[in-house]
Amino acid sequence: MTAESNLGLASRARPLDSWVAGIPPWTPVLLFCLPLQPSMRFLSLFTFCTLASLCSPSFSSGGDSGLVSSPVALERGLIQLDADRIRADLYFLASDEMRGRDTPSPEQRIAARFIAARLERLGWQPGAEDGYLHEYELPIQGLDGLACQVLVESGDERLRFEFARDYACHPSSISTYQVRGEELIYAGGFGKDEIEGLDFKNRWVIAESSGVGFGRLRRIARKGGALGVLVVPGSELSPAAMADRVESWGTRALEGKLNRGRSRRAYPLLYLTADAARKLYDFAGVSDPVAGDVLAVSLQETRASKDDARVGLENVCGLWPGSDPVLRNEVLIISAHYDHVGASDEGEIYNGADDNGSGTCGLLALAEGLVEYGPMRRTVMLIWVSGEEKGLLGSAAWTSDPWFPEGMQPVADINIDMIGRNASDYLLITPTAERAEYNGLVRRAEALAPLEGFPKLGNCDAYWSRSDHANFSRNLHIPVTFLFSDVHEDYHKPSDTPDKIDYDKIRRVARLVLRMLDSLQADELNL
Ligand SMILES: [Zn+2]
């Protein structure tokens with residue numbers, strides 16, 4: 001529909017638009033059923049349909065003629081973006097219960113389903129081949145629970161400890177090796193006086209957890225020629241705390257972590273439950289060992305990692321099909337990563353409210369805005385990717401094998417990552433005119449940003465390779481741009497929490513993106 005000049009339509013249609021927006025969808029039926037003459041019924045229905053059509057999106061048709069192509073629909077979409085709703089979403093996604101949305105983690109899968117459910121509820125179409133979730137796989141490294149064991153021997157007698165039940169190692173210590181020693185030496189709480197003069201060479205060392213850092217423990221034991229260290233409950237880890245650690249670290253080591261191609265043989269540092277330690281002492285005939293006691297039994301640890309293990313990961317994709325029979329095949333992509341870095345081994349949660357709960361929720365708000373806007377001429381695809389924090393893995397997987405409905409192809413990507421902190425009028429963009437990739441998306445953002453309270457966009461060319469737009473550019477060869485409100489003192493810390501977020505800023509960045517999309521509906525994109 002191209003007949004009207006946009007400004008003319010805007011000035012006349014806005015009051016009508018809000019009027020029609022308040023009419024329930026069953027009104028035409030009601031009008032038709034009114035006790036009127038048949039000719040009057042048709043007149044009422046005709047009047048309703050005319051009013052409604054006046055208020056649906058209308059676009060300019062000639063070239064790249066202006067920034068705003070459907071002001072009525074745009075206004076309708078813009079007012080849908082609401083800071084309180086963005087806050088509600090972000091308090092959920094960045095809650096402690098979501099444990100930092102690590103890649104991979106059960107909480108990340110919950111986040112993906114939350115986003116997919118919202119898309120479905122809003123009436124968005126699935127944007128992946130089998131629904132809203134685009135699935136990909138990555139290699140992981142984890143321990144083989146059946147192959148791992150600790151075997152203690154004395155003559156013909158044997159005592160066997162099971163991984164993740166009797167003992168465990170740090171979840172990152174994924175290795176394959178076998179270490180055997182013929183003696184163990186007890187080193188108490190590893191205090192200076194306790195270890196003074198002890199001979200660790202070719203022995204296993206038993207140490208009570210006592211607040212001596214495990215890094216230091218390992219360093220001293222290694223330097224003294226010890227084969228490895230068995231840490232048993234002590235003043236720092238009670239029997240109950242040790243049992244928890246053995247179970248949780250053991251489980252995580254079995255589940256595995258993404259294989260980043262760095263495998264160094266781990267130094268044997270084992271955590272033993274109180275129960276297992278007691279069995280070991282009984283087996284060796286030592287009732288209450290003191291520092292310097294030698295247990296004359298052999299101990300062999302076998303550690304084995306699983307080969308070819310893979311983990312399934314997910315990106316979330318929603319499609320808002322275009323209305324133009326030709327231009328609908330051109331897909332405008334808006335992306336944001338929904339993963340963060342998880343929790344530390346000590347249990348500190350990295351909530352990732354700004355990084356990138358802000359962009360994730362900005363995209364959810366945009367999905368709502370587009371519903372009110374109605375179809376654009378071109379198709380819009382929203383993609384929430386995982387694995388960004390582990391090296392842009394989700395966007396790499398998607399862009400190396402992108403899926404679109406038959407006939408559609410990508411034409412641009414706008415990526416948002418960390419848009420909820422720092423001064424309220426401070427927003428950065430890349431590629432700026434200083435880079436060869438500078439394009440029409442950036443020019444539009446620069447022109448439209450002042451309308452949303454960002455008088456001048458700053459330069460983040462230094463971040464050109466640091467978020468997912470890099471993969472859309474590199475692998476799909478399309479113009480991209482990246483909106484970002486910079487790092488801050490809570491960047492990649494447990495203190496990146498939802499209470500510190502500027503929700504109105506997220507709203508205004510999402511509004512800017514909606515304005516950019518609206519400005520990308522002319523016949524020629526000219527990016
Ligand atoms: Zn990050």
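**Salt bridges and the zinc site**

1. There are 28 salt bridges, each a side-chain nitrogen of Lys or Arg within 4 Å of a carboxyl oxygen of Asp or Glu. The model is predicted: local features need pLDDT of at least 70 and side-chain atom pairs count only at pLDDT 80 or more, while totals for chains, interfaces and linings use all residues. Residues are numbered from 1 along each chain as its sequence is written, and side-chain values use heavy atoms, with hydrogens and water left out.

2. E368 belongs to helix α11 (residues 353–373) and R85 to helix α5 (residues 83–93), so the pair ties together parts 283 residues apart in sequence; helices (H or I, at least four residues) and strands (E, at least two) are DSSP runs, numbered from the N terminus. E368 is buried at 13% relative accessibility, whereas R85 is partly exposed at 35% (buried: under 20% relative accessible area; exposed: over 50%; partly exposed: in between; 1.4 Å probe, protein chains only).

3. E137 and R310 also meet in a salt bridge (2.9 Å, N to O). E137 lies in strand β2 (residues 133–141) and R310 in strand β14 (residues 310–320), so this pair ties together parts 173 residues apart in sequence.

4. The zinc ion is coordinated at 1.8 to 2.4 Å by D355 (OD), E389 (OE), E389 (OE) and H492 (NE2). Donors are N, O and S atoms within 2.8 Å of the metal (3.2 Å for Na, K and Ca); water is not among the atoms, so sites may look incomplete. H492 is partly exposed, at 27% relative accessibility.
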